[in-house]
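Here is a short briefing on a protein chain. Look at the structure first, then work through the points below.

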Amino acid sequence: MYDELLTPVDGIRHISIGENCVVLEAVSNIISYDDVIALVNKTMSRQPPPVKCKKPSAHTVEVELMDLDHTSRRLLVAIQGMSCATCVNAIESSLVKVEGIKAVRVNLVGEKGEIEYEPDVLTSHAVAEKINSMGFMCTVIQDGKHSGYSELVVHITGMTCSSCTNSIERMLTGLEGIKEASVVLTTEMGKIQYDNNVIGVRTILRSIRDAGFAVEIPSKDTKLEALSHRKTINSWRLTFVLCLMLAAPSMIIMYVVPSSKNVIVGLKLKPFLLFVIATPGQYIGGRKFFVTAWKSVIHKSANMDVLISLGGIISYLYSVAVLL
């Protein structure tokens with residue numbers, strides 16, 4: 001394609017195109033070296049621009065090209081000082097207006113930003129300085145050629161069995177832009193490979209939460225906590241204590257309150273008291289099961305939470321029907 005654009009120019013006799021360069025043979029007394037470079041740069045404005053030009057001999061000019069598939073580079077930065085989504089929007093809207101920046105994705109939770117920019121227009125340092133000038137602290141983490149896929153590690157809680165991990169993996173791989181998803185039940189960690197040009201971190205996290213699970217990007221502390229299951233153990237301990245506090249009075253009522261005593265005509269005192277105590281135990285103590293089960297059913301999958309919820313709701317409704 002380059003030979004069709006350049007050969008009609010007077011002074012250029014031959015063009016050979018390699019994998020990473022274009023070599024022009026020019027007649028020096030007709031067209032100068034500087035004119036050749038200017039011509040190449042003008043032509044390349046419709047194609048990937050050259051990295052640099054050099055003059056191997058008196059009559060040839062060699063132009064080294066950037067990757068023809070992607071002229072941009074991927075810059076990963078750490079951004080501190082963001083407090084809400086407004087900060088994220090301010091950074092993204094300001095950067096996309098800068099010449100040479102093609103795409104911006106900022107993650108508030110992870111305090112990171114991913115910028116796709118053209119290195120022949122501006123440098124990574126200039127991008128970081130632009131963010132610093134907006135009142136945030138920005139440091140460059142990684143600067144390299146554009147990579148189609150990124151890896152995201154997340155901490156997922158609320159899983160009870162392999163059915164949960166399978167439903168999460170199936171849901172994630174069904175999203176456009178996600179290449180692979182792997183979730184480990186024992187460590188509560190998930191690893192996701194995704195195309196950052198198609199889907200972002202916030203969309204992935206929101207999809208997992210919509211499926212009925214709690215998810216966060218782990219820090220060093222949360223990784224250690226995930227291994228010890230400390231948060232999960234504390235949560236279930238609190239639920240157990242609450243249910244035990246409601247179960248103990250129920251046992252006392254069953255043996256102490258007489259069965260013949262009425263609240264009103266047709267309504268016995270004992271079943272009425274048991275109904276009052278059992279209701280908060282059913283819906284407060286079992287809330288986690290019900291929420292996760294409902295979201296699982298919405299996504300057309302079933303897990304242990306669905307089974308537990310069905311058993312609890314059927315038993316409760318039957319007892320209410322008997323009471324009435």
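The count of aromatic pairs comes to four. Rings of Phe, Tyr and Trp (its six-membered ring) pair if their centres lie within 6.5 Å. Planes under 30 degrees apart count as stacked, those over 60 as edge-to-face, and the rest as tilted. This is a predicted model: local features need pLDDT of at least 70, side-chain atom pairs count only at pLDDT 80 or more, and totals for chains, interfaces and linings use all residues. Residues are numbered from 1 along each chain as its sequence is written, and side-chain values use heavy atoms, with hydrogens and water left out.

**Aromatic pairs**

- Phe275 and Tyr316 form a stacked pair, with 6.5 Å from centre to centre and 25° between the planes.
- This pair links distant parts of the chain: Phe275 sits in helix H9 and Tyr316 in helix H11 (residues 304-323), 41 residues apart.
- Helices (H or I, at least four residues) and strands (E, at least two) are DSSP runs, numbered from the N terminus.
- Tyr316 counts as buried because its relative accessibility is 13%. Buried means under 20% relative accessible area, exposed means over 50%, and partly exposed lies in between (1.4 Å probe, protein chains only).
- Phe275 has a relative accessible area of 31%, so Phe275 is partly exposed.
- Tyr283 and Tyr316 form an edge-to-face pair, at 5.3 Å centre to centre and 85° between the planes.
- Tyr283 lies in helix H9 and Tyr316 in helix H11, so this pair ties together parts that are 33 residues apart in sequence.
- Tyr283 is partly exposed, at 37% relative accessibility.
- Ring pairs join Phe275, Tyr283, Phe290 and Tyr316 into a cluster.

**Salt bridges**

- How many salt bridges does a search of the whole structure find? There are three. Each is a side-chain nitrogen of Lys or Arg within 4 Å of a carboxyl oxygen of Asp or Glu.
- Glu114 pairs with Arg74, and their closest N and O atoms are 3.3 Å apart.
- That bridge links distant parts of the chain: Glu114 is in strand S7 (residues 112-117) and Arg74 in strand S5 (residues 73-80), 40 residues apart.
- Glu114 and Arg74 are both buried.
- Glu114 also meets Arg105 in a salt bridge (3.3 Å, N to O). Arg105 is partly exposed, with a relative accessible area of 22%.
- Glu92 is buried at 16% relative accessibility, whereas Arg202 is partly exposed at 38%.

- Helix H8 has 27 residues and reaches 39 Å from its first C-alpha to its last.
- Thr239, Ser250 and Ile253 are the buried residues of H8. They pack against helix H9 (269-283) and helix H10 (287-298).
- Met251 lies in H8 (residues 230-256). Met251 is partly exposed, at 46% relative accessibility.

**The whole chain**

- The chain has eleven helices and 14 strands.
- Of its 324 residues, 38% count as buried.

Conventions:
The expected span of a helix is 1.5 Å times one less than its number of residues. Contact means heavy atoms within 4.5 Å.
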